[in-house]
Amino acid sequence: MKQSSKNPSLYSETRTPSGDIMEIILKNKKNGMSVLLLSLLLYAISIFGIIYGSFLLEAGKTPIPLIIGIVISCTAWLLWPGLKVIRPQEALVLTLFGTYIGTLKEPGFYFVNPFCSALNPAARTKLNQSGDVRAKSAGIEAAEAASRKISLKIMTLNNNRQKINDCLGNPVEIGIAVTWRVINTAKAVFHVDNYKEFLSLQCDSALRNIVRLYPYDVAPNVDTTGDGLADDGSLRGSSEIVAERIRKEIQEKVNEAGIEIVDARITYLAYAPEIAAVMLQRQQASAIIDARKMIVDGAVGMVEMALERLDENGTVELDEERKAAMVSNLLVVLCGNHDAQPIVNSGSLY
């Protein structure tokens with residue numbers, strides 16, 4: 001690890017062996033109130049000097065206090081650009097003439113080099129996320145001032161719905177919500193061009209990589225875990241497992257940007273419109289078949305029970321032909337979609 005010989009609280013070139021810039025937290029700069037009071041005192045002295053120098057000038061004496069007062073009044077304001085207010089869960093990345101000098105991360109009133117500039121390349125990036133929602137009534141100046149700060153709060157990114165083919169080739173529309181936060185401001189600012197756009201693109205890529213491993217619904221002979229054995233994994237039935245795999249995939253991709261993925265959840269899942277009607281018919285047919293199987297199993301059991309009870313009690317003796325006729329009538333009654341209409345037969349079967 002290399003570090004500049006200068007004071008790391010002022011100038012920092014600290015890097016890892018791989019060349020990554022490390023985050024430097026500035027903690028000894030909370031003297032903004034003192035500098036503000038000093039600047040006000042200087043202005044008070046300059047006003048007194050200008051007034052006193054004016055009297056000396058009228059008296060024909062050298063107006064040195066007047067000159068000093070004018071100089072102070074023209075230069076004391078240079079301290080004000082160095083005053084920085086940091087609220088909780090905010091950070092300010094500071095550079096001085098292109099050199100990263102540190103990050104203000106703790107809440108407080110700071111004074112830094114007035115020639116420092118705050119850097120946030122994603123300030124104007126508008127994604128569909130909670131952190132970018134601002135009141136329309138807020139002033140332009142307040143919005144510009146806040147735009148240079150990096151939010152350390154947990155934010156939610158609702159990526160657009162995507163059409164992706166599952167492992168069986170069926171087009172599926174899916175959407176995810178990702179909760180994330182910045183944990184390393186130096187990486188977020190200097191390692192990627194725009195960390196918000198980078199996160200959004202990596203969410204799209206990770207979503208495609210994971211969804212293509214799963215079928216929409218449980219399908220035979222499909223291996224979703226990569227262990228070579230068929231399993232019951234599916235997008236619809238294993239949504240929590242799929243979401244966790246998506247979260248891990250995104251995290252691996254955004255580590256370089258200093259972002260932590262807190263959670264990922266599937267917010268929308270459906271077949272694409274072009275096959276949705278056909279798949280609905282398929283699901284309905286499968287449900288009808290399952291229902292018919294249950295009805296037939298129940299009807300057969302009831303017929304068997306009826307024949308056993310008749311034989312046990314000796315209520316009536318039936319030959320094989322009469323049993324077959326009785327079984328047929330009972331199955332028709334029990335498996336039919338409509339109520340049975342009784343018919344009284346007073347004759348003989350033979």
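Figure 1. K253 is partly exposed, because its relative accessible area of 26% lies between the limits of 20% and 50%. Among the elements of the protein, α6 has the highest mean pLDDT, at 91.

**Figure 2. The salt bridge between E90 and K149.** Side chains of opposite charge can pair when their charged atoms come close. Here E90 and K149 meet with an N to O distance of 3.5 Å. E90 is located in strand β2, whereas K149 occupies the loop between α3 (140–147) and β6 (150–151), so the pair ties together parts that are 59 residues apart in sequence. Both partners are buried: the relative accessible area is 12% for E90 and 16% for K149. Salt bridges with shared partners link R87, E90 and K149 into one network. The count for the model comes to eight salt bridges.

**Figure 3. The salt bridge between K105 and E23.** The closest N and O atoms of K105 and E23 are 3.0 Å apart. K105 is in the loop between β3 and β4 (108–111), and E23 is in the segment before α1 (32–58); the pair therefore ties together parts that are 82 residues apart in sequence. E23 counts as buried, with a relative accessibility of 19%, which falls under the 20% limit.

**Figure 4. The largest nonpolar core and the surroundings of I250.** This core has 51 residues, and those with the most contacts inside it are W180, Y195, L199 and I250. At least two core residues come from each of β2 (90–96), β3 (99–104), β7 (155–158), β9 (171–182), α4 (185–190), α5 (195–211), α6 (239–254) and β10 (259–271). The contribution of α5 is the greatest, with seven residues. Apart from neighbours within four places in sequence, I250 is in contact with I176, V178, L199, Q202, C203, A206 and I261.

**Figure 5. A nonpolar surface patch that includes W77.** M33, L37, L40, W77, L78 and W80 make up this patch of about 610 Å². W77 is situated in the loop between α2 (64–75) and β1 (83–86). With a relative accessibility of 41%, W77 is classed as partly exposed.

**Figure 6. I295 in helix α7 and its separation from L331.** I295 is part of helix α7, which spans residues 273–313. The relative accessible area of I295 is 36%, and this residue is accordingly partly exposed. I295 and L331 are 36 residues apart along the chain, and their C-alpha atoms are separated by 9.9 Å.

**Figure 7. Confidence of the prediction, with the segments 1–13 and 134–142.** The mean pLDDT of the protein is 78, and 81% of its residues reach 70 or more. The lowest mean among the elements, 49, belongs to α3. Over residues 1–13 pLDDT stays under 50, and the model has 26 contacts beyond four places in sequence for this segment. Residues 134–142 likewise stay under 50, with three contacts beyond four places in sequence. Where pLDDT is low, the predicted coordinates should not be read in detail.

Key: Residues are numbered from 1 along each chain as its sequence is written. This is a predicted model: local features need pLDDT of at least 70, side-chain atom pairs count only at pLDDT 80 or more; totals for chains, interfaces and linings use all residues. Side-chain values use heavy atoms; hydrogens and water are left out. Patches are made of residues with over 30% relative accessible area and no salt bridge: like charges are joined within 9 Å, nonpolar side chains (Val, Leu, Ile, Met, Phe, Trp, Tyr) within 5 Å. Accessible areas come from the Shrake-Rupley method with a 1.4 Å probe; for residues, only the protein chains shown count as cover. A salt bridge is a side-chain nitrogen of Lys or Arg within 4 Å of a carboxyl oxygen of Asp or Glu. Helices (H or I, at least four residues) and strands (E, at least two) are DSSP runs, numbered from the N terminus. Buried means under 20% relative accessible area, exposed over 50%, partly exposed in between (1.4 Å probe, protein chains only). A nonpolar core is a set of buried Ala, Val, Leu, Ile, Met, Phe, Trp, Tyr and Cys residues joined through side-chain atoms within 4.5 Å. Contact means heavy atoms within 4.5 Å. pLDDT is the predictor's confidence in each residue, from 0 to 100.
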